[in-house]
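Student: I have a model open and would like to go through it piece by piece. Can we start with a single residue and work outwards?

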Amino acid sequence: MSQKVEKSKALKRRTLAKFVAAAVLLPSLSISSMQVFSAEELGYPEKEELKFGFIKLTDMAPIAVAYEKGFFEDEGLYVTIEAQANWKVLLDGVIDGRLDGAHMLAGQPIAATMGYGTKAKIVTPFSMDLNGNAITVSNEVWKKMLPNIPKMEDGRPVHPIKADSLKPVVEEYNDAGKPFNMGMVFPVSTHNYELRYWLAAGGIHPGFYAPHKGDNSGKIDAEAFLSVTPPPQMPSTLEAGTIYGYCVGEPWNQQAVFKGIGVPVVTDYEIWKNNPEKVFGLSTKFVEENPNTTIRLTRALIRAAKWLDVEGNANRPEAVKILSQSNYVGADYDVIANSMTGTFEYEKGDKRSVPDFNVFFRYNATYPYYSDAIWYLTQMRRWGQISEDKSDDWYKDLAAQVYRPDIYEKAAQSLIADGLASSTEFPNFVEETGFRKPQKHFIDDIVYDGTQPNAYINKFTIGLKDGDLL
Amino acid sequence: MTTLSATSRWIKSLAVEPAPLRSMLDIALKAIALPLAGLAVFLLLWSGAAAKIDTSLGKFPGPSAVWEQFGSLANEHSVEREKAAAFYERQDKRNAARLAKDPSYQAKTRRYTGKETFVDQIATSLVTVLSGFSLAAVIAIPLGITIGLSKTLNAAVNPIIQIFKPVSPLAWLPLVTMVVSAVYTSSDPMFSKSFIVSMVTVTLCCLWPMVINTSVGVASIDSDLVNVSRVLSLVPLKHVQKIVLPASVPMIFTGMRLSLSIAWMVLIAAEMLAQNPGLGKFVWDEFQNGSSASLSRIMAAVITIGLIGYLLDRTVMQLQRYFSWDKSSATR
């Protein structure tokens, strides 16, 4: 008993220190950081039977692993995992309660909370992975791009390939009156922003949105025309000639290589090193009604992510085997293994080592950083999905509504207390502000500082800036 | 040479064989040998054509690849059953452990949470199609009889039937989905929403042939029979029971067979589009997976769908044989 009291005193001290730090540094974020956590035994889950949705992409791996390795069951959770037809169906499922939680695009909970598209309060206590996407173009486009790309001594193209080499091709198509169509998976998807970032960095305008005028097609002033296609259908849509290229998660880029219908030109790791990708989304209602369940499922997911990255990706082959089951991703073992085991095949035969192509746990990949949420918000503003200027505080407030490091922290602390993880594997919770240090490593060398979103937006040549309204 | 002469001798001996044996052979030839020959030619053509079709997922599957998939689907099913058994065992242990700590806990056994195998999908589809069809029959047959008995009512209702009859299930589906989600709300539903959606879509699409055939059957009853009823001055209910129903049974069954085959086709499409559990979802999932085995698994599903459709039709035909006075109407 006395031990407990001491522990809670210590915790209170820590919390107080944190509170002071939070209050000084970020007044707007203090609400969620303030909650007292405790490492004492968690209560039983309020809801034991859960249904989670996912889209057939390799980055759903933490959910599949948590199920197959029994991590969900260890928490007393009986989880059914169900593939969804597309991101819209998945989001609606979480909103109307058909699904208890889902593998989501990082932009989805943010956009839903903001009210862009379907308005609903969605939160995320767990970020699922870093990187994992790539941009693929059709063989025909690749052939035209190739002369513009610098080569290495052995004749293979120098990576990263910039969109500068695509610009003449796009111009050629547009001059011939053929719109240069490309596919991405959802208007608020990471893929949309990555594809736009890459195109714009190479001087190709991907078009603006103007929701205040009812224009949600994102094609105003566009040179390349982006439209939505569900991930698993990307290769067949490219094969049919409806689009000339796409940005999607794995295994659908490697599938194009395997099928011989297209060439991946750039990975998102090269566009923005260690960019945050999917998150695990839950409705606010669910989190409020089932606090223990939320912490427990976060615990299971953290354990799964850790399992995926442990000992230099030693478990990845087993993970690939799980993912290739028809009820999960279902593509061939070899196709999934290409990217999951640390290599990436660009042109057929040009396999290069990209050890961090899929990161599930290291570099604090699972911690829901506010700065990650704000990056997506800055891109929404850049491309007009947020049509008017917003203050820096507005960005931070919204990020704090959606991203819930407090839940993550409780789950992580209890895992440490149970001896299932060590504190060195997590951010230092006492000092963590929720903002990553200014990040370099973008393909256009522009530095991102999450604490100053408006200043960041103004740095781009193509894109809306402070004061712009379409 | 000797074999040839032996064969010719055998053929000659056939010619002088007494009539009963010859006709039996004749029947055997028609009933067994010809279908087998047809099947053999089909398999040959299939494997020949399959080898020539190259898709981005590899060669189109031939009969042997599909046969192999049937094996691996069965294998997956048994593996999944083992996993299910282990799941229940773990669950029992966990429940017991928690009850020991927390006696107020209401332990219950939850259903296996793993994937649905091909066999499970078949069962789901069958249950859904039969429920949808039964619901349609319960509505359509009384409606058809009422319309058939009254020319006035027929004139009033006919345009509606004719308009709804050609509507594709895919057009109904979004409406059904939204209405079911809005209307069918309960915290602990007896049936899942997806089941209700598929079932209602099936019902809406297979209602019409039954209504039409029943009404036509009832309307075209021999006037002699109607006169008999008049002479005996049967009350309306007895008239329907003793005269109308028996007389129109062949037509009702024709309608039912048409409806059931429509129901089966509609269900597969609905499951595919709505991602509701069943064979349609199996096909769609495999298409999405795009693995090298996907095409042969889809082909295996196609054959299964065909076989089940055939068996369903035969079942109704047997029922018709049993119930109907006109045995000749149930031969094709």
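Student: Is B:Ser291 buried or exposed?
Tutor: This is a predicted model. In it B:Ser291 is buried, because 24 other C-beta atoms lie within 10 Å and the cut-off for buried is 20 or more.

Student: Where is B:Ser291 found in chain B?
Tutor: B:Ser291 is in the loop between α10 (279-289) and α11 (294-323) of chain B.

Student: And what does B:Ser291 touch, leaving out residues up to four places away in sequence?
Tutor: B:Ser291 touches A:Gly330, A:Ala331 and A:Asp332.

Student: OK, the chain contact then. How many residues of chain A are in contact with chain B?
Tutor: On the chain A side there are 21 residues, in contact with 16 residues of chain B. The elements of chain A that give two or more residues to that side are β2 (78-83), α10 (234-239) and α11 (252-259). The largest share comes from β2(A), with four residues.

Student: What is that side of chain A like by class?
Tutor: The side of chain A that touches chain B has eight nonpolar, six polar and seven charged residues.

Student: Change of topic. How is chain A divided into domains?
Tutor: Chain A has domain 1 (1-36), domain 2 (47-130 + 276-454) and domain 3 (133-267). Taken over C-alpha atoms, the centres of domain 2 and domain 3 of chain A are separated by 24 Å. Their contact takes 38 residues from domain 2 of chain A and 33 residues from domain 3 of chain A.

Student: Which elements supply the domain 2 side of that contact in chain A?
Tutor: At least two residues each come from α6 (107-114), α16 (333-340), β14 (343-345) and α17 (370-382) of chain A. The most comes from α16(A), with four residues. By class, the side of domain 2 that touches domain 3 in chain A divides into 19 nonpolar, 11 polar and eight charged residues.

Student: What pLDDT does chain A average?
Tutor: Chain A averages a pLDDT of 88, and 91% of the residues score at least 70. Two stretches stay under 50. One is residues 1-13 of chain A, for which the model has four contacts beyond four places in sequence. Another is residues 19-40 of chain A, with 36 such contacts.

Student: Now helix α19 of chain A. What span should its 13 residues have?
Tutor: At 1.5 Å a residue, α19(A) (residues 405-417) should span 18 Å, and its end C-alpha atoms are 18 Å apart, which agrees.

Student: Why is α19(A) called largely enclosed?
Tutor: Because 10 of the 13 residues of α19(A) are buried. Among them are A:Ile407, A:Tyr408 and A:Leu415, and also the charged residues A:Asp406, A:Glu409 and A:Lys410. Just after α19(A), A:Gly419 takes a positive phi of about 75 degrees.

Student: Which residues have a positive phi although not a glycine?
Tutor: A:Glu311 has a phi of about 50 degrees, and A:Tyr363 has one of about 55 degrees. A:Glu311 is in helix α14 (residues 291-313) of chain A and counts as exposed, with 7 C-beta neighbours inside 10 Å. A:Tyr363 is in the loop between β16 (358-359) and α17 of chain A, and its 13 C-beta neighbours inside 10 Å make it partly exposed.

Student: Which peptide bonds are cis?
Tutor: One joins A:His159 and A:Pro160, with omega about 0 degrees. A:Pro160 lies in the loop between α7 (139-145) and α8 (167-175) of chain A. Another runs from A:Glu250 to A:Pro251, with omega near 10 degrees. A:Pro251 is in the loop between β11 (245-249) and α11 of chain A.

Student: Last one. In what sense do β8 and β9 of chain A pair?
Tutor: Strand β8 (residues 208-210) and strand β9 (residues 215-220) of chain A pair in the antiparallel sense over two bridges. A:Phe208 stands opposite A:Ile220 in β9(A). The two strands form a hairpin with four residues between them, and A:Gly214 in the turn has a positive phi of about 80 degrees.

Terms used:
Residues numbered from 1 in each chain as written. Chains lettered and ligands numbered in written order. Predicted model: local features only at pLDDT ≥ 70, side-chain atom pairs only at ≥ 80, totals over all residues. Expected span 1.5 Å × (residues − 1). Buried ≥ 20, exposed ≤ 12 C-beta atoms within 10 Å, placed from the backbone. Pairing = 2+ DSSP bridges. Contact = placed C-beta atoms within 7 Å. Domains from an automatic or database assignment. pLDDT = per-residue confidence, 0-100.
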